[in-house]
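Open the model in a viewer and keep the selection tool at hand.

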Amino acid sequence: MSDLATKPELDSAMDEYRRELTGYCYRMLGSAFDAEDAVQDTYIRAWRAYDRFEGRSSLRSWLYRIATNVCLDLLAAGSKRARPMDLTAPQHQASAVLRERPEVTWLEPVPDARVLPQTADPAELALAKESVRLAFVAALQHLPAKQRAVLILREVLAWKADEVATLLDTTVASVNSALQRARATMATTRTRPSDPADPLDADQAKLLEQYLSAFEAYDISRLTALLHEDAVLSMPPYDLWLQGHEDIAAWHLNQGIGCRGSRLVATTANGMPAFGQYRPAQDGPGHTPWALQVLEVSEGRIVGLNAFLDTGRWFPLFGLPEHLG
């Protein structure tokens with residue numbers, strides 16, 4: 001007998017797990033949109049197979065099993081998402097070249113509300129934020145698909161080895177071996193530490209206020225004073241990235257001068273502080289979308305400025321206005 005009596009009850013239960021499954025698929029795939037599609041595909045498969053679900057496992061485990069198979073199918077082609085820093089060497093502002101790459105190249109940002117658990121446990125929320133950081137998800141992309149699943153299930157979601165073995169139709173020994181290899185690969189993949197967004201952190205709140213003020217005033221001296229000395233600026237879908245105060249400041253004062261007069265709207269992405277950036281409209285009053293800025297902060301300084309420029313995708317996903325008056 002199934003632990004659920006009717007398909008309407010299945011729908012209700014699947015809604016309960018939507019957020020955590022989306023977070024799992026996002027970590028596996030590195031794409032907010034692919035994760036949403038994978039969860040939808042998971043639910044379609046679950047609906048069609050429900051008559052054969054006999055309650056030998058929990059509904060949650062069954063849905064994770066289906067979601068894992070969906071993700072493994074999507075990853076079978078061998079493609080993986082990346083950041084500009086994974087693909088090219090840093091350029092210098094004076095000779096910088098903007099080369100656009102296809103959307104499927106890039107690791108994508110994701111709204112916190114789509115992937116982070118609704119929990120009152122600070123430790124659980126901190127772990128969840130850590131595990132969706134851009135740098136961490138980018139590092140996951142270096143793992144073979146099954147090792148990726150094992151690492152996420154064991155170390156992020158805290159599944160037991162025998163539970164993962166059952167889900168993957170393998171042995172506990174195989175799971176432990178895959179986890180060991182995944183840990184070794186992650187240890188050799190450089191991931192810069194960054195602090196999660198924390199509205200209760202007074203120092204972080206002050207830093208973000210200073211950043212917003214300096215950017216909207218387009219005071220590049222004040223802006224660069226908030227950056228770590230080897231901070232990085234990247235701008236997907238371009239593979240360009242710049243490093244250090246001098247090149248980042250020079251970019252804003254030359255190629256990026258069109259950002260003067262911008263306004264910022266606060267949000268969060270990947271457990272980190274973020275802003276929707278709006279540049280002055282060229283064909284009328286107000287401001288129009290230009291970039292989703294995701295900031296990486298560490299020890300009181302900004303270490304990463306990630307400007308995602310495909311605002312037609314990002315602003316609706318993050319619920320940001322399409323125009324500022």
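**A tour from Tyr24**

Select Tyr24: leaving out residues up to four places away in sequence, its contacts (heavy atoms within 4.5 Å) are Tyr64, Ala67, Thr68, Ala149, Ile152, Leu153 and Leu157. The model is predicted, and local features need pLDDT of at least 70, side-chain atom pairs count only at pLDDT 80 or more, and totals for chains, interfaces and linings use all residues. Residues are numbered from 1 along each chain as its sequence is written, and side-chain values use heavy atoms, without hydrogens and water.

Next, select Tyr24, Tyr26, Met28, Trp62 and Leu63, which touch the most other members of the largest nonpolar core, a set of 72 residues. Such a core consists of buried Ala, Val, Leu, Ile, Met, Phe, Trp, Tyr and Cys residues joined through side-chain atoms within 4.5 Å; buried means under 20% relative accessible area with a 1.4 Å probe, protein chains only. Apart from this core lies another, of 28 residues, including Met235, Leu240, Trp251 and Ala291.

Last, select Ala82, Arg83, Pro84, Leu107, Ser234, Pro236, Asn306 and Phe308, which line the largest cavity. On a 1 Å grid over the protein atoms alone, a cavity is a set of points where a 1.4 Å probe fits but cannot get out, and lining residues have an atom within 4 Å of a point.

Key: Buried < 20%, exposed > 50% of the residue type's maximum accessible area, 1.4 Å probe, protein only. 1 Å grid on protein atoms, 1.4 Å probe; cavity = no way out; pocket = protein on both sides within 12 Å on 5 of 7 lines; lining within 4 Å.
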